[in-house]
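Hi,

Here is the structure I promised to pass on to you. Have a look at it first, and then read my notes below.

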Amino acid sequence: MTAPDPVTLSVLDNRFRAIVEEMGEAMLRTAYSQILNSSRDFSIAICDGQARLLAQADHIPIHVGAMPFAVKAVLDAFGDSIVDGDIYLLNDPYHGGSHLPDLTIIVPVFADGRPIFYSVVRAHHTDIGGGTHGAYNPAATEIFQEGLRLPPILLGQGRVARADLVRMIVTNTRLPREVRGDLMAMIGAAHLGEKRLLSVLDKHGATETEAAVAAILSLSEAHARRIIGSWKDGSWKGEAFLDDDGFGRQDIAIRATVTKQSDSIVVDLTESDPQVPSFLNSSWPNTASAVRMAIAFLLDPEVAKNDGCFRPIEIIAKEGTIVLPRDGAPVTMCTSHCSNEICEAVVKALANACPDRAMGGWGRRYRIAIKGSDARRPGRSFVWHLFHARPGGGGSSQGDGWSTAGEWHSAGGLKFGSVEMAEARFPLFFAKHEFRPGSAGDGTFRGGLGGELLMRLETDGPAVANTAGDGVRYGAAGMLGGEDAAPHHYTLDRADGTSRDLKTKEVGIPLAPGDTLHVRAGGGGGWGPPEKRDPAARARDAEEGLL
Amino acid sequence: MTYRIGVDVGGTFTDVVCVAADGVTTLAKASSTPADQSEGVVNGLAVLAERLGLALRDLLARTERIVHGTTVATNALLERKGAKVAMLTTEGHRDVIEMREGLKPERYDLRLPAAPALVPRRLRLPVAERIRPDGTVEAALDRASLDAAIATLKAENVEAVAVCFLHAWRDDSHEREAAEAVRAALPGVFVTTSAEVLPQIKEFERFSTACVNAYVGPIVSRYLARLRGRLSDAGYNGPVFVILSHGGVAPVEEAARLAAGTALSGPAGGVAAGVALAERGLGQDLITFDVGGTSTDIALIQDGEAALGRGRTVAGERIALESLDIVTLGAGGGSIGHVGASGTLQVGPRSAGAVPGPVAYGQGGTEPAVTDANLVLGYLDPDNFLGGARKLDRDGALAAFGRLGGTLGLDAMATAEGVHRLANIRMADGIRVATVRRGVDPRDFTLLAFGGAAGLHASAVARELGMRRVAVPVFAAGLSAWGMLHTDLRYEMARSEINTGGVPDDTTLHAIWAGLESEGRARVASWFGGEVETKRAADMRYGEQVFEIAVPLEAVEWEAPGLTGRVTDAFHARHETLFTYALREEEVVLVNARLAVIGRLPPMAAPEAAAAGAAASPFATRQAWIDGVEQDLPVFDFGALTPMQQVAGPAIVESDTTTVLLLAGDTARMNGQGWLDVTVG
């Protein structure tokens, strides 16, 4: 197989990127649920016939390295029986998925009688059954309490999904209409990708296209290796901690021993703590993706995120640890926790190899969902999810971190809604929503600030809240002498004048009208020793009221 | 003879187009003067007068109106050279504009330093006050906190103030009271309120737009005053209109008040031209394709109307005003061909700009640009670029491709061809994204190519997309300035109407739009005395959705009972068109009521169709490389083509300011209205 000429190679490289972008636009326009069309919690990929990632739309970084596992799982399950027109679906984290709410649609793209590509769409669904509304169940001790498991299934043939299977899936969720709408949008986007890839194959033929794919992946690999090769050689340990597992155990460690030799990196997670009873365990695809995400953050942003750029990375883990749990352990929280801790441990270790590329830690995720009723809309209940008061991003050698830009796993890609709209739509009053002074980790370049929220409940009766998250004991890590950021601190200030700290993994917290939720989000970690900070920058922060 | 004049200020040239009462169009160009654009405007008018054989004063004495496209606001944002702005805002919510809804650009660039907000935090001054979404006052405006904020404004010597309070979309009395107090205490300072700029729910969009308005307002006001002064000195005291981001025009005073609305004034003229050509028979569905030096602007015209959107970001700042939905790509004539970090050949987004420009300009450029490729491949005439005003250095350009190709193992010609092809691919992909965003298929559209360089790429781009028809106006290089003369006065209004129980009843709907109508008509009546018409639209969504969609209501019968049902049905139908499905059992919410108030300017005379004479023959042949094959192409003079004359590709059709490359299989026919109509082979 000879490589195509350089111009054809560039043309195809551009086409593949444009195709995933177009699929992403289509998904955004057709998805039904808020989590997809507003928060963009979905990802798009093209893999080649060997399940190698070729191109991916930049949406949610934690999805970046996980998609090929899904295609691989379909190949393992169906192999030679895959035919033109098939539609595959999976979500099971022990069969190619990351966590149950993320459904993945996979469509093969045939030429010359064989699958040349797979068009892949992954999206986070608002509900997938299980013990609690909205998929995050801190009480789950088995994956069966987290929702419906789908190992790779043949959802349809001849480009049409089987209506009975779709009905079966949506019937197992609390929001069948939304899940059905989003599933149809995913299939539509995957078919759009197929159509575009077929026109590429039509024009260039399967052989030339495959040669181009191989060349594109090799070029990315060389690009990544060139950058990694410029870093210092050595072996370092990085460590990050989860607060607790919700069942009484504290300080759960993720430990990475990272060895950088020449242009390769080995990340050994063997020494990480044993798996936990709750949903903080990380499925293997998610663990691999968190490691890849960390290293992608350290490479140049323009390195193409494909199979080639991840070839220099080897990942080692031990079964029975939190980063490689045994089949059946709950994992729903893993795309944020312990992804964020895996990422942080790897960046900490590699900060020794490439200090100017490392960044202070980004925030941790701490969710709250409130269910109640509104006097203005009698007979209807509402569910409100906290996306406000985001944590801060980390500082780096290039400058201070972004305030309220969120966590490692989303990195400024998740949007929170309008306060005015929330007040108009829900019986909630936002007395304050501002930066939280003092939340950033100090450093030569400080982290970004977290947000602060004072939100009063104005429901017409009792309401109930669930939490799911981490990071009230450990703040985002400082890097290379930079200081850790303040951790989260959420309190419930009762209408009767009493107040208590909220825990990160609570189910069924009773709320009354007049109660105020006081969220103080953590900031981002600092980079470099604080004493080297430019005094003018410090004076500016003081003047701005950020300290 | 009387004249109307359109003026488009670009990065390099200021284009001046005049249409005479008999419909005859004349184009003149002068160098742009970035320090004070109005200087280049008057220079351009002088060149125009000369071309018409008139003294400038005589030309201006016979000029009925001047329409202007300006990039002053855009440049102030891009270069961060706006006014020193302070913000008065609701206590407890002073960080709205810097939080940016939690979003940060460049997903994988975590080292990107945080972007400073347009208004620094110490100048975002809290005022104790609070209004609720239903209009009730939770906390009255506290004069002590307002006075404290005003004392800071004085001490800081700010040039502009944006007053931004929560829920001012529902009740702006607190904003007005605070603005009055600021005006009284700081005369001469530019004051704007969020509800005046964008009376719509969603605080980030409204506050950000108001802050942009305050940031560019003083500069735009000063510029327009200078322009007025220069024109007056030259002898012109007639109406001056500015084309706004939504594609309509407004008097200079309105453009100064709503300066944020001029952010897309530059590219708006080209889209307005597309709408005007659609009316003249070009067809109702067009994709405007404006290829300039550093970028390509793409917009859709559907059913004869330009698509509008409100998600616009300029230089990273959100401007949520109704704007033309223009997609801008970093690929133009000046885009540089280079080996990217990944080791593949790439084109753009870096550009050679006006200085040093492409290698062929001989001004010190060393990296080959798209224009260099077009020259090396024989599509451009080195001796007759811009009518011979600039000689092009073909050998220099060829050598640059030799150097670039050397690293890839390609010869110079193959490299040049690669750069041309990649530019085509990037442009085609940009159109794909622009059309899929609107849920339309580009194959049903005509590609309207203009700007100096579009004609060289249009046929190949159309093939890439499966489009069958391309049109290139004979005035391609000055089409934006021409377009400004063919658009109407426009005032866009919006009011948010949030309620908890679905679409309001008939009486409420009538009252909402009647209020908008009387206010809007009064404003436009203060601009001119002609005919005014209005167009209703609404932003609506299903109860649980987050994003609203824009629903045109022009076709909805307004007076008969049952209006609520008809408005609701219009939403379902629109949703189905855009997203392939409707949920008719779901609750529907009306969020914003909209009204466009349009003041019809007297139409321009169409030029008399030239008589079909003897077909012009090619005036030269030129060696050109297409798909690696060297061939002799006939070269036609664009201006000499007679109506209905056909030209078969491969061929080149060129004028002083534009060149069209026709590929094998293309059939072009000169249209009597002044465009080359190409059927793509």
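Helices and strands here are DSSP runs numbered from the N terminus, a helix being H or I with at least four residues and a strand being E with at least two. Two strands count as paired if DSSP finds at least two bridges between them. This is a predicted model, in which local features need pLDDT of at least 70 and side-chain atom pairs count only at pLDDT 80 or more, while totals for chains, interfaces and linings use all residues. Residues are numbered from 1 along each chain as its sequence is written, and chains are lettered from A and ligands numbered from 1 in the order in which they are written.

Let me begin with a hairpin in chain A. Strands E6(A) and E7(A) form it with two residues between the strands, and Gly158(A) takes a positive phi near 60° there.

Now for the helices. Helix H5 (residues 176-229) of chain A packs with helix H1 (residues 6-30) of chain A at an angle of about 175°, their axes being 9 Å apart. That makes H1(A) roughly antiparallel to H5(A). The cut-offs are under 35 degrees for roughly parallel, over 145 for roughly antiparallel, 65 to 115 for roughly perpendicular, and oblique for the rest. The residues of the contact between H1(A) and H5(A) are 14 nonpolar, six polar and four charged. In these counts, Ala, Val, Leu, Ile, Met, Phe, Trp, Tyr, Cys and Pro are nonpolar, Asp, Glu, Lys and Arg are charged, and the others, Gly among them, are polar.

How do H4(A) and H5(A) lie to each other, roughly parallel or oblique? The axes of H4 (residues 163-171) of chain A and H5(A) come within 9 Å and cross at roughly 135°, and the two are therefore oblique to each other. Val166(A), Val170(A) and Thr171(A) of H4(A) make the contact with Pro176(A), Val179(A), Arg180(A) and Leu183(A) of H5(A). Residues are in contact if their C-beta atoms, placed from the backbone, lie within 7 Å. By class, this contact has five nonpolar, one polar and one charged residue.

On domains, whose bounds come from an automatic or database domain assignment, chain A is divided into domain 1 (6-222) and domain 2 (359-547). Chain B is assigned domain 1 (3-75 + 223-327), domain 2 (80-215), domain 3 (335-421) and domain 4 (489-599).

The two chains also touch, with 56 residues from chain B and 67 residues from chain A in the contact. On the side of chain B that touches chain A, helix H13 (412-437) of chain B is among the elements that give two or more residues, and H13(B) gives the most, with ten. This side of chain B has 25 nonpolar, 13 polar and 18 charged residues.

Some backbone details may be worth a look too. The peptide bond from His337(A) to Cys338(A) is cis, with omega near 20°, and Cys338(A) lies in the loop between strand E11 (313-316) and helix H8 (339-350) of chain A. In chain B, the bond from Gly348(B) to Pro349(B) is cis, with omega near 0°, and Pro349(B) is found in strand E22 of chain B.

Best wishes

Terms used
Axes are lines fitted to C-alpha atoms, for helices over the stretch in contact, and angles run from 0 to 180 degrees between N-to-C directions.
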